[in-house]
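Colleague: I am new to reading protein models. Could you walk me through one, a feature at a time?

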Amino acid sequence: MGLVAALVLGASPAFANDWPSLGLDGGRGRATAKKGGGTFSIAWNASPSAGAFIASPAVVDGMIVVAGAQGDVAALSATDGSTVWAAKAAGGIGASPAIEGGRVYVPSLSGQMQALRLGSGAVAWSRAFGGQNYGSPAFVSDGLGKSLVLAAGFPQQKIVRVSAS
């Protein structure tokens, strides 16, 4: 009884506009009745790649990092959309980049994982995993330290965990 009360009373409140995971909730409801805020208007637009954008942008430190299907990676100013830096990945891109510790981690369809420096877009390191990397990287920090986890190398379908340094 004490554990149940602690779990119920210690839980943080949920709000109608919270989206804690993909698809809103565990059932992937993908909808909420919450209506909030005014209508949106375009503050700026940018076209940092000639190819399609199929990856979600990552946002940190006033920069929006985008990755195009043809391997174009760019950091844009969140304020005005101007290009802070642009780089070319080791191949086409089919997954979203992730940012951690001042690095932008970009998986490519040529089987490479690249870590770019967030401030400049310069390559910090690159590693081959083989196959095509359609999975977006994620980070874990536990007793083994901080690591990058990647679903790598389609069609091999392997999950790898490597040091994120």
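Modeller: Gladly! Let's start with rings: Y105, W125 and F139 form one aromatic cluster. Rings of Phe, Tyr and Trp (its six-membered ring) pair if their centres lie within 6.5 Å; planes under 30 degrees apart count as stacked, over 60 as edge-to-face and the rest as tilted. By this rule there are two aromatic pairs.

Colleague: How far apart are the ring centres of Y105 and W125, and at what angle are their planes?

Modeller: Their centres are 5.9 Å apart and the planes are at 55°, so this pair is tilted. Y105 lies in strand β6 and W125 in strand β8 (residues 123-128), so the pair ties together parts that are 20 residues apart in sequence. Strands here are DSSP runs of E with at least two residues, numbered from the N terminus.

Colleague: Before we go on, what kind of model is this?

Modeller: It is a predicted model, where local features need pLDDT of at least 70, side-chain atom pairs count only at pLDDT 80 or more, and totals for chains, interfaces and linings use all residues. Residues are numbered from 1 along each chain as its sequence is written, and side-chain values use heavy atoms, leaving out hydrogens and water.

Colleague: Is Y105 buried or exposed?

Modeller: Buried means under 20% relative accessible area, exposed over 50%, and partly exposed in between (1.4 Å probe, protein chains only). Y105 has 1% relative accessibility, so it counts as buried. In β6, five of its five residues are buried.

Colleague: Which way do the side chains of β6 point?

Modeller: In a regular strand the side chains alternate between the two faces of the sheet. From β6, R103, Y105 and P107 point one way, while V104 and V106 point the other way.

Colleague: How many bridges join β6 to strand β7?

Modeller: Two strands pair if DSSP finds at least two bridges between them. β6 and β7 (residues 112-117) are antiparallel, with five bridges, and V104 has L116 as its bridge partner in β7. They form a hairpin with four residues between them, and G111 in the turn has a positive phi of about 90°. On the β5 side (residues 98-100), three bridges join that strand to β6, again antiparallel, and I99 has V104 as its partner.

Colleague: Which residues have the most contacts inside the largest nonpolar core?

Modeller: A nonpolar core is a set of buried Ala, Val, Leu, Ile, Met, Phe, Trp, Tyr and Cys residues joined through side-chain atoms within 4.5 Å. The largest one has 14 residues, and those with the most contacts inside it are V65, V73, W85, I93, V104, V106 and L116. Two or more residues come from each of β2 (63-67), β3 (72-77), β4 (83-88) and β6 (103-107), with the largest share, three residues, coming from β2.

Colleague: How is β3 joined to β2 and β4?

Modeller: β3 runs antiparallel to β2, with five bridges, and it pairs with β4 over five bridges, also antiparallel. Follow A75: it is the bridge partner of V65, and its own partner in β4 is W85.

Colleague: What does the side chain of D72 make a polar contact with?

Modeller: A polar contact is a pair of N or O atoms within 3.5 Å; within protein, one must be able to donate a hydrogen and the other to accept it, and residues adjacent in sequence count only if both atoms are side-chain atoms. The side chain of D72 has such a contact with the side chain of K88, at 3.0 Å. D72 lies in β3 and is buried, with a relative accessible area of 18%.
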